[in-house]
Amino acid sequence: RCSIQLVDRGRRRFVSYGSRQKPDASGKPDPSPTELRTGLRQVVESGAPLYRRTRAEIESWGEVEIGPQINSVVDVPFAGGTLAMNSLQENAFSDQDIQVLERFAQVMNEAFQRLRQLQRQEAVRRVREAVWQMQKSEDLLQMLMVIRQQLIEVGVLFDDVGLNVVDTTVQPWAVQYYYYYPDQEDRPG
């Protein structure tokens, strides 16, 4: 079996897309986010492939959720996560097999970087659209919600996002702060 793990480092979770994954009612795979495994975290943090050759090695990494029938696993990192292949046999993969997977991961790097670029462009378009839809100062909170959502969409990790509106027509300058509180009512600061 071969799969792609997309890793969300900020949330320490991953989604796996596998070649044997069953589709949902729409015909698309329906993976669920899973807690980041030790071996997967090691691969992403080190940037180096990890080959667990035997079931004992898989279990030594604490990766029992991989499944009892799987007896060897290779994860190779790329920009968005890892490419993985596994086998029912122990010691199933040669160095050449892993090199091929590494070459595929290089192509995945290029594809993932392109995807991120397109996502950033789309996020900027959505923010620009929200700006052009503004008609009154109260619309700033709506725009701020769009900015916050687009930052999340492109994977920017942050605690708070706010907007500072500076009035330079008065002395001293006046500043009005707007913050978005997703758990509470929207309110200017």
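## Contacts around Thr54

Two residues are in contact when heavy atoms of one lie within 4.5 Å of heavy atoms of the other. By this rule, and leaving aside neighbours within four places in sequence, Thr54 is in contact with Asn71, Glu90 and Asn91. The structure described here is a predicted model.

Thr54 lies in the loop between strand 4 and helix 2, the helix of residues 55-60. Is Thr54 buried or exposed? Its relative accessibility is 16%, and the cut-off for a buried residue is under 20%, so Thr54 counts as buried.

## Overall layout

The secondary structure of the protein consists of four helices and nine strands. Read from the N terminus, the order of the elements is β-β-β-α-β-α-β-β-α-α-β-β-β.

The protein has 189 residues, and 30% of them are buried. Its accessible surface is about 12,400 Å², and carbon and sulfur atoms account for 50% of that surface. Counting contacts between residues at least 6 apart in sequence, 39% link residues that are at least 24 apart.

## Confidence of the model

The mean pLDDT of the protein is 82, and 84% of the residues reach 70 or more. Confidence is highest in strand 4, residues 50-52, with a mean of 94. Confidence is lowest in strand 9, residues 187-188, with a mean of 40. The pLDDT is below 50 over residues 184-189, a stretch that has 13 contacts in the model beyond near neighbours in sequence.

Strand 1 covers residues 2-8. In a regular strand, side chains alternate between the two faces of the sheet. In strand 1, the covered face holds Ser3, Gln5 and Val7. The uncovered face holds Cys2, Ile4, Leu6 and Asp8.

Which strands pair with strand 1? One partner is strand 6, residues 81-87, which runs antiparallel to strand 1 and is joined to it by five bridges. In this pairing, Ser3 stands opposite Ala84 of strand 6. Another partner is strand 2, residues 13-18, which also pairs with strand 1 in the antiparallel sense, over six bridges. Here Leu6 stands opposite Val15 of strand 2. Ser3 belongs to the covered face of strand 1, and Leu6 to the uncovered face.

## A nonpolar surface patch

Val166, Trp173, Val175 and Tyr177 form a nonpolar patch on the surface. Together these four residues have about 400 Å² of accessible area.

Trp173 lies in the loop between strand 7, residues 162-167, and strand 8, residues 174-179. Why does Trp173 count as exposed? The cut-off for an exposed residue is over 50% relative accessible area, and Trp173 is exposed because its value is 54%.

## Salt bridges

Side chains of opposite charge can pair when their charged atoms come close. A search of the whole structure finds six salt bridges. One of them joins the side chains of Glu59 and Arg55, with an N to O distance of 3.2 Å. Both residues belong to helix 2, and because they are four residues apart there, about one helical turn separates them. Glu59 is partly exposed, at 43% relative accessible area, whereas Arg55 counts as buried, at 11% relative accessibility.

A salt bridge also joins the side chains of Glu122 and Arg125, at 2.5 Å from N to O. Both lie in helix 3, residues 95-133, and are three residues apart, about one turn of the helix. Glu122 is partly exposed, with a relative accessible area of 26%. Arg125 is also partly exposed, with a relative accessible area of 36%. The side chains of Lys136 and Asp139 form another salt bridge, at 3.5 Å from N to O. Lys136 counts as partly exposed at 49% relative accessibility, while Asp139 is buried, with a relative accessible area of 18%. Elsewhere, salt bridges that share partners join Glu122, Arg125, Arg126 and Glu129 into one network.

How values were computed
Residues are numbered from 1 along each chain as its sequence is written. This is a predicted model: local features need pLDDT of at least 70, side-chain atom pairs count only at pLDDT 80 or more; totals for chains, interfaces and linings use all residues. Side-chain values use heavy atoms; hydrogens and water are left out. Buried means under 20% relative accessible area, exposed over 50%, partly exposed in between (1.4 Å probe, protein chains only). Helices (H or I, at least four residues) and strands (E, at least two) are DSSP runs, numbered from the N terminus. Two strands pair if DSSP finds at least two bridges between them. Patches are made of residues with over 30% relative accessible area and no salt bridge: like charges are joined within 9 Å, nonpolar side chains (Val, Leu, Ile, Met, Phe, Trp, Tyr) within 5 Å. Accessible areas come from the Shrake-Rupley method with a 1.4 Å probe; for residues, only the protein chains shown count as cover. pLDDT is the predictor's confidence in each residue, from 0 to 100.
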